[in-house]
Amino acid sequence: MKDGYAGRILEVNLTTGAITITDTPQGLKENFLGGCGFGAKLLYEKVPAKADPLGPENAVIMATGPITGTLIPSSAMLSTTTKSPLTNIVIRSLIGGFFATELKQAGYDALIITGAANKPIYLFIDDDEVQIKDASNLWGKNTFETQEKIKNELGYEDLQIATIGQAGENLIRYACLIGGARASGRGGLGAVFGSKMLKAVVVHGTKTIQLPNTNLVLEHTIKLSQKLKQNPASKSFPKYGSTASPASYSSMGIFGSFNWQREVFEDAELISGEHNTKRGLNIRSKACHGCLLSSGHVWMCGSGIFKGQLAEGPEYETLYSIGSMCGNNNFDSIVAAEKMCDEYGIDTITFGATVALAMECFEKGILTTRETDGIELNFGNHQAILDLIPKIVSRSGFGDWLAEGSRRLATRLGSEAEKFVSDIKGLEMAGHSARAHKGQALGYATSNRGGSHQDTRVTPERSGKFDRAAVEGKGKLAKESQDMTTIGDALTVCRRSTEALYGCFLNNDVVELVNIVTGQNYSLEDITKVAERIYTMEKLFNVREGLTRKEDTLPPRIMNEPIPDGASKGMYVPQDDLNRMLDEYYQIRGWDKESSYPSKESLRELGLECYLNDLYED
Amino acid sequence: MNRILIDYEKCTGCRICQMVCSQRFVDGGFNSRAAAIRVMVKGIFEADVPVTCLQCKKPLCSEACPTGAFYRDAVTNAVMINEEKCIGCGKCAEACPFGTLFLHPSRIVPIKCDLCSGNPLCVQHCPNEVLSLKSETVVGEKKRKQLSEKIATRRVNK
């Protein structure tokens, strides 16, 4: 069928070795669209309640969507859904590059991995032929070495590989998956792979991604690329990627620094893309599949023992987490840390935020050199950051404490440290100010994955189109932003160009795009329902894990400490503001205000009545 | 005679050229492995290198063909394959010194650049001006220009 889908789902049970290929159900396509939609639905069905995320009961769903791998700009993304070992709830994590295209060309809309192997293995998907192969010679190798070795072993130069490094093997709770040098970063997917003794998924696909009307896609792509040329993003991204922002965010007083004690970072310019391009360290632009913005960049480390080494990245989030959050103005150390994190396979956001928490605890005497193995863990000590990475990955000494992420570190250190932690539902906030943007705060609080900036976007408030201080209307803003990001992750397209091409909320242009690639005749209402259904499905997973309204909250600092200085001085999100926004949000979603559970009516309306019994006894 | 010229320094590896090319060789849709231009990746992110037919004057692909399936397009001068004569042996792909003929499981005839009747889609869609269709007389022009600039600068600075 020429409808944008590959038409099949591959399931591999690593315990039994069973490999099953089934047709992608029509109902799944229509109701859940693809990507994170398939992930939400299949994860709920494959993983029992309260399963150990690092046990064989957990599943990994890697899914593409109807746009993936086409000529539509930035159709590069793979959406992976699993139960996170960092948060014990659902995590949806996306990766760019070329893996998603390859998986779809091999003929699969989704890959489901269940069970666990008892020795290191990797999965080799060569179109219809699927093999579980021995990975004992790859275990212990970093992500770059692993990719090289697998290419040599299989004799293909042009393969797509998603692999874990040593961090995943050692079950670091924020280990990630690396493909090329891009990451499926957040939530510890790498540790789930490690717990299954699954080193990598390797794909070689030669099939055609079939569309109902290719000429229409060609015409539409030309229209989109002309539209993109009018957007300011098309000037900045090809030059600096996401690294142009630190100085302007700092001057707006929204650049989290020193573990969110402040939101100004005086040295923001030193870690910015513009400054370091002038230093000659911006080596080249690197695009993902179909990217017109070529927003990825290869940076060189300009000094220190890693001088001359290259990394793809850092992106903005890493400039925040390993830079400003740690009070670190040394750009070269951020590049070096980026490279190490990519090689070992750890999420730079959680890593940086966890170190930043430790730094604040060190400066306040909660941690001393006795616990830190002699490391003087002051803010700005960039050498300490670099020294900690291998310690974390090998879980040696103090590294073992940090390997658990900031929430568990705070719990270990006691009630004082818990005041400084910056996680939501166990996932550390990204580099977008909650205190200075009420809608973003609500977005973090209601994100199914925790402190992610990829559900509700900060863009509408930061641009000034919405009053960032206002409480009223933020329930609507957060929900409608989540609708748009959910559809983006279902289709699957990269956030960067979707915002430039379609804006931040669902609209008829998005619907037109969906109809062009699927040949369907969806309405805006249909697509909005799909978004609501997917988001509710993820929510149901979390509810089944025991989450209630109580967990839809913000870090203590965000609710109790006004921003001390800078252009956003005085702003914060008192509990009362959060409560009012949550009430509005639940009402719009049709969720119960006491429990936050999706109501019976809302489940019926979304066609999710089959899950009523999981929530309600009668 | 026109050729596709490649400015390697500007390539970001987006593979738009590859995707837009592929839809000419498949029945509705896209397929990165059914394209007459390929972007090869060196290492993890060190370099992305587009590879496509140079339309040689004495094509080794043609010489290697046992059925005489190769001919030259009268208008574009592109080296073409007569699909009626081709038996899919792949000798042409082996013979090409640059690896620019591509075999694909679902096709008998190798995939080879035919310059899209003179207006190549890859050139039209490349977002970074990596690809251009130029007269063969300008091949090497950039290097010649660099040399003349260097000499001129040296003179000015004397």
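A residue counts as buried when its relative accessible area is under 20%, as exposed when it is over 50%, and as partly exposed in between, with a 1.4 Å probe and protein chains only. At 17% relative accessibility, Ser225(A) counts as buried. Ser225(A) lies in helix 7 of chain A, residues 214–229. Helices (H or I, at least four residues) and strands (E, at least two) are DSSP runs, numbered from the N terminus. Ser225(A) and Ile72(A) are 153 residues apart in sequence, but 9.2 Å apart in space, C-alpha to C-alpha.

This is a predicted model, in which local features need pLDDT of at least 70, side-chain atom pairs count only at pLDDT 80 or more, and totals for chains, interfaces and linings use all residues. Residues are numbered from 1 along each chain as its sequence is written, chains are lettered from A and ligands numbered from 1 in the order in which they are written, and side-chain values use heavy atoms, with hydrogens and water left out.

Gln383(A) is partly exposed, with a relative accessible area of 36%. Gln383(A) and Val12(A) are 371 residues apart in sequence. In space, 43 Å separates their C-alpha atoms.

Now turn to chain B. It has 5 helices and 6 strands. From the N terminus on, the order is β-α-β-β-α-β-β-α-α-β-α. Its C-alpha atoms fill a box of roughly 65 × 35 × 30 Å, taken along the principal axes. Of the 158 residues in chain B, 47% are buried. Contact means heavy atoms within 4.5 Å. Among contacts in chain B between residues at least 6 apart in sequence, 57% join residues at least 24 apart.

The surface of chain B comes next. Chain B exposes about 8400 Å², an area that comes from the Shrake-Rupley method with a 1.4 Å probe; for residues, only the protein chains shown count as cover. Carbon and sulfur atoms supply 53% of that area. Chain B has 23 positive and 15 negative charges. Lys and Arg count as positive and Asp and Glu as negative, while His and the chain ends are not counted. The place of a charge is NZ of Lys, CZ of Arg, CG of Asp or CD of Glu. The mean positions of the positive and negative charges are 7 Å apart.

Two arginines of chain B lie over rings. A charge sits over a ring if NZ of Lys or CZ of Arg is within 6 Å of the ring centre and within 35 degrees of the ring normal. Arg15(B) lies over the face of Phe98(A), at 4.0 Å from the ring centre. Arg24(B) lies over the face of Phe25(B), at 5.5 Å from the ring centre.

Rings also pair with rings. Over all chains, the structure holds 15 aromatic pairs. One of them joins Tyr44(A) and Tyr611(A), edge-to-face, at 4.9 Å centre to centre and 75° between the planes. Rings of Phe, Tyr and Trp (its six-membered ring) pair if their centres lie within 6.5 Å; planes under 30 degrees apart count as stacked, over 60 as edge-to-face and the rest as tilted. Tyr44(A) lies in helix 2 (residues 35–46) and Tyr611(A) in the loop between helix 26 (600–605) and helix 27 (612–615) of chain A, so the pair ties together parts that are 567 residues apart in sequence. Tyr44(A) is buried, at 4% relative accessibility. Tyr611(A) is buried too, at 6%.

Phe255(A) and Tyr316(A) form a tilted pair, 5.9 Å centre to centre and 40° between the planes. Phe255(A) lies in the loop between helix 9 (246–251) and helix 10 (273–278) of chain A and Tyr316(A) in helix 11 (residues 316–323), so this pair ties together parts that are 61 residues apart in sequence. Both residues are buried. Ring pairs link Phe255(A) and Tyr316(A) with Tyr249(A), Phe258(A), Phe265(A) and Phe379(A) into a cluster.

The backbone deserves a look as well. Most residues other than glycine have a negative phi, and most peptide bonds are trans. Trp260(A) has a positive phi of about 65° although it is not a glycine. Trp260(A) sits in the loop between helix 9 and helix 10 of chain A and is buried at 1% relative accessibility. The bond from Gly313(A) to Pro314(A) is cis, with omega near 10°.
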